[in-house]
Amino acid sequence: MIKVNWELEEAVALFDLYFRHGGGAGISDGELTALSEAYQRRAGQLGLSVDEKFRNLAGLRMQLACAQYVVTGGQRGLSAASRLFYQTYELYRENPACFQEVKDRFYQKYKEPCKPMRAIVTVIGRDQVGIIAAVCALLSEKNINVLDISQTVLQEYFTMIMLVDASQSTVPFARLREDLAQAGQERNLDIRVQREDIFDAMHRI
C-alpha cells in the first residue's frame, strides 16, 4: 500500500462532508464515492503515485471516525486523528470563511461535472387527497428535482408518471426505490422508480 499524506484541502473536504451530515452518520456510499473520486482526480492532476487503496471507501469511513474524535473532543470516534485534522477543525471554528474558500476551491478543481441521472416515477392507486404533495415532499427531502408530471384520474383510480432528476440525490438509487415503495404501502399506493436509461431500453422496439 502506498502511503500518501493528507493535505489541508483534502481534510477540509472531508470535514465539510462530516458537518453537512451533522456528524457523518447519514453519509451515503454514493457521496463518499464521489469524494473518493475527487481525491483520485486530485492525485492524478498533481502526479502523485497512488494505488487502488488510495482514499477508498473503507479508508474514508475510518478518517470520518477520526474527524468525529476531533470534533467531539475524544468522546466518540477513532483516536488515530492526525495533527492536520486538529488544524482543520481549528480552521473551521476560528476562520470559517477561509475554510469555505478552501472547500470551494477544492471542488472547483477536482469535482467531476454532475452527469444528469433521470428517472421515471410511477404512482397508481385509488384517488385520495395529497398524493402529489406527499410524493413531491419525499423526493424533495432526498434532493431530487421533479422535471415533469403527467396525472390522470380514471373513475376512482389515480395514475401519475413523473420525470425526475436524481443526479443530486442524497441516497443511493436502491434506497430511493425502497423508500418510495414503503411510502406507497403506507398510503395504499403502488409507487415505483426506474432509471430512464433502463426504462428506455426495456421499452425499445
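User: How accessible is R118, in percent?
Analyst: R118 sits at 34% relative accessibility, so it counts as partly exposed (buried is under 20% relative accessible area, exposed over 50%, partly exposed in between, with a 1.4 Å probe and protein chains only). Bear in mind that this is a predicted model, where local features need pLDDT of at least 70, side-chain atom pairs count only at pLDDT 80 or more, and totals for chains, interfaces and linings use all residues. Residues are numbered from 1 along each chain as its sequence is written, and side-chain values use heavy atoms, leaving out hydrogens and water.

User: What forms a salt bridge with R118?
Analyst: E196, with the closest N and O atoms 2.9 Å apart. A salt bridge here is a side-chain nitrogen of Lys or Arg within 4 Å of a carboxyl oxygen of Asp or Glu. The pair links distant parts of the chain, 78 residues apart: E196 in helix α8 (residues 196–203) and R118 in strand β1 (residues 118–126). Helices (H or I, at least four residues) and strands (E, at least two) are DSSP runs, numbered from the N terminus.

User: How many salt bridges does the structure hold?
Analyst: 14. One of them joins D179 and R175 at 3.1 Å, N to O; both residues lie in helix α7 (residues 173–186), 4 residues apart, about one turn.

User: Is D179 buried or exposed?
Analyst: Buried, at 18% relative accessibility. R175 is partly exposed, at 44%.

User: New topic: which residues are buried in α5?
Analyst: F99, V102, K103, F106 and Y110. They're on the same side of α5, because they cover an arc of only 95° around the axis, taken from the directions from the helix axis to the C-beta atoms.
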